[in-house]
Amino acid sequence: MSREQAAQVRAVEACWPAELAAKLPSYRPPILRDTILDALDARTPEQLARRISYRWHAYNYAHDALSAEGRGIQSAVGVAVALVSNRCADPMCEDGTILDTGEICRACEQRAADRGGPSLPKQAGKARERLWECAIPSCRKPSPGTPPEDGLCPACRLELEAATERLQAARV
């Protein structure tokens, strides 16, 4: 690995959700290194950070890791590979949606049909809607649709409103 590649891999690894990072081994398994390098062929570290954040929430890894009803993370390396890996041969495809057009990826649709599954990948319906990220740097949760004027996801907006109410109550 070149110095530039190593720096890019470290930049991607810095984006793991804290719950996942705590479970990853202290060394970098070759499968994870190779998967990150493959993904970096078509994406920047910043784009991979958005992919990781999106998949962490959209594929319910956050629920599995954080919720009492969740099953936990059984294989941290496996989850990390799933969060960062390219899933389609089309370099413009991101979870069943062509990035520059927003159209459904025909290759993913055909692959699903060949498997006898639904006509679209699991996330394509959600991904077809343009995603935006919460403006709170510590959140950055991706959400579908049009971003609200304040740029906050519903959870952060509720938290902000509650904090504002507490502040106003404290002033009285």
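This short talk walks through one predicted model, from its overall layout to a few single residues.

Some ground rules. The model is predicted, so local features need pLDDT of at least 70, side-chain atom pairs count only at pLDDT 80 or more, and totals for chains, interfaces and linings use all residues. Residues are numbered from 1 along each chain as its sequence is written, and side-chain values use heavy atoms, with hydrogens and water left out.

Layout comes next. The chain has nine helices and four strands. Helices here are DSSP runs of H or I with at least four residues, strands are runs of E with at least two, and both are numbered from the N terminus. Along the sequence the pattern reads α-α-α-α-α-α-β-β-α-α-β-β-α. The chain has 172 residues, and 37% of them count as buried. Buried means under 20% relative accessible area, exposed means over 50%, and partly exposed lies in between, with a 1.4 Å probe and protein chains only. Now contacts, meaning heavy atoms within 4.5 Å. Take those between residues at least 6 apart in sequence: 52% join residues at least 24 apart.

How confident is the predictor? pLDDT is its confidence in each residue, from 0 to 100. The chain mean is 81, and 87% of residues reach 70 or more. Helix H3 has the highest confidence, at 93, and helix H8, residues 124–128, the lowest, at a mean of 44. Over residues 119–128 the pLDDT is below 50, yet this stretch has 25 contacts in the model beyond near neighbours in sequence. Where pLDDT is low, the predicted coordinates should not be read in detail.

Let's go to H3, residues 30–40. Which of its residues are buried? They are Leu-32, Thr-35, Ile-36, Leu-37, Ala-39 and Leu-40. Their cover includes H1, H4 and H6.

Start with H1, residues 3–13. H1 and H3 pack at about 100°, with axes 10 Å apart. Axes are lines fitted to C-alpha atoms, for helices over the stretch in contact, and angles run from 0 to 180 degrees between N-to-C directions. The two helices are therefore roughly perpendicular. On that scale, under 35 degrees is roughly parallel, over 145 roughly antiparallel, 65 to 115 roughly perpendicular, and the rest oblique. H1 brings Gln-5, Gln-8, Val-9, Val-12 and Glu-13 to the contact, and H3 brings Ile-36, Leu-37 and Leu-40. By class, that is five nonpolar, two polar and one charged. Nonpolar covers Ala, Val, Leu, Ile, Met, Phe, Trp, Tyr, Cys and Pro; charged covers Asp, Glu, Lys and Arg; the others, Gly among them, are polar.

Now H6, residues 76–84. H3 packs against H6 at about 5°, with axes 9 Å apart. That makes the pair roughly parallel. From H3 come Ile-31, Leu-32, Thr-35, Ile-36 and Ala-39; from H6, Val-77, Ala-80, Val-81 and Val-84. This contact has eight nonpolar residues, one polar and no charged ones.

Two residues to look at here. Trp-56, leaving out residues up to four places away, touches Pro-17, Glu-19, Leu-20, Tyr-61, Ala-62, Ala-65, Ile-73, Val-79 and Leu-83. Ala-80 sits in H6 and is buried, at 0% relative accessible area.

Last, the backbone. Most residues other than glycine have a negative phi. Which phi does Asn-60 have? A positive one, about 70°, although Asn-60 is not a glycine. Asn-60 lies in the loop between H4 and H5 and is partly exposed, at 41%. Asp-95 also has a positive phi, about 50°. Asp-95 is in the loop between strands S1 (93–94) and S2 (97–98). At 8% relative accessibility, Asp-95 counts as buried.

Methods: pLDDT = per-residue confidence, 0-100.
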